[in-house]
Amino acid sequence: MKMKCKACILLLSIIPIAMINVYSRTDNSLDDRVESWLKKHRSIWHDYNVAYVDGQTLHDIIIKNRYTSALEIGTSTGHSTIWIAWAMSKTGGKVVTIEIDETRHRKALKNIAEAGLSAFVDARLGDAHDLVRKLPGPFDFVFSDADKEWYQQYFIDIDPKLKVGGCFTTHNVIDGLTDKEYLRYVQTRPDYTTTIDRKSGAGIMISYKRK
Ligand SMILES: C[S@@+](CC[C@H](N)C(=O)[O-])C[C@H]1O[C@@H](n2cnc3c(N)ncnc32)[C@H](O)[C@@H]1O
């Protein structure tokens, strides 16, 4: 009986800590702000941005796996960044995002600030070909959505910096924009488990690094 009580006390003391880690802030007003901002701006995205449903998919993967260190390649004006950053605001993490075009980078900063998520984003202006190699990592979540012809090289450069159990996601995999050779390369990697999400016409390849 004594042993059982000790186990109960231990369990009760662990549960709140686990809950804090999953949802590290108590201010729910941020969720209301982000949610209404995303809904209000649902139809403003014209800079090769992901569809709403794809943003939701990225957000849900992060929450499900409690990821905290994200990398996004290809910010554009910030739609996917906002979804990833919103998830990061819940897990207590941060996303590094890279964009080469200064006008889009500036617009993204404005959108991210309006949504209330600047604290969860480290937005870099530069060429991801160089920056991806320079960033130390480690990352537990990656969203690859920039120049498709460099997709395989991004994957090769990031792989050593992706934590085991982490997730590498690739956009535009069912709309013909991505080279089939890259898809085959990732799908046949024995150290990854890969599926394709087809909720939008673009498609997201979701590759988990095996434990
Ligand atoms: C498909 S859009 C990204 C859309 C964004 N993920 C979203 O959903 O809002 C691709 C972006 O990658 C950027 N890009 C292309 N090549 C790049 C490179 N080498 N380094 C950094 N950004 C690059 C483009 O300027 C473009 O804004």
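Helix 4 (residues 79-91) and helix 5 (residues 102-115) pack at an angle of about 40°, and their axes are 10 Å apart. Axes here are lines fitted to C-alpha atoms over the stretch in contact, with angles running from 0 to 180 degrees between N-to-C directions. Helices (H or I, at least four residues) and strands (E, at least two) are DSSP runs, numbered from the N terminus. This is a predicted model: local features need pLDDT of at least 70, side-chain atom pairs count only at pLDDT 80 or more, and totals for chains, interfaces and linings use all residues. Residues are numbered from 1 along each chain as its sequence is written.

On the helix 4 side of the contact (C-beta atoms, placed from the backbone, within 7 Å) are Thr-81, Ile-82 and Ala-85, which meet Ala-108, Asn-111, Ile-112 and Ala-115 in helix 5. By class, that is five nonpolar, two polar and no charged residues. Ala, Val, Leu, Ile, Met, Phe, Trp, Tyr, Cys and Pro count as nonpolar, Asp, Glu, Lys and Arg as charged, and the others, Gly among them, as polar.

Of the 20 residues around the ligand (C-beta, placed from the backbone, within 6 Å), Tyr-48, Asn-49, Gly-74, Ser-76 and Ala-128 come nearest. Helix 4, strand 2 (94-99) and helix 6 (128-134) each give two or more residues to this shell. The shell divides into six nonpolar, eight polar and six charged residues.

Last, the strands, which pair if DSSP finds at least two bridges between them. Strand 7 (residues 204-209) runs antiparallel to strand 5 (residues 162-171), joined by five bridges; Thr-170 has Met-205 as its bridge partner in strand 7. Six bridges join strand 7 to strand 6, also antiparallel, with Tyr-192 partnered by Lys-209. In the hairpin of strands 6 and 7, six residues lie between the strands, and Gly-203 takes a positive phi near 85°.

How values were computed. Two residues are in contact if their C-beta atoms, placed from the backbone, lie within 7 Å.
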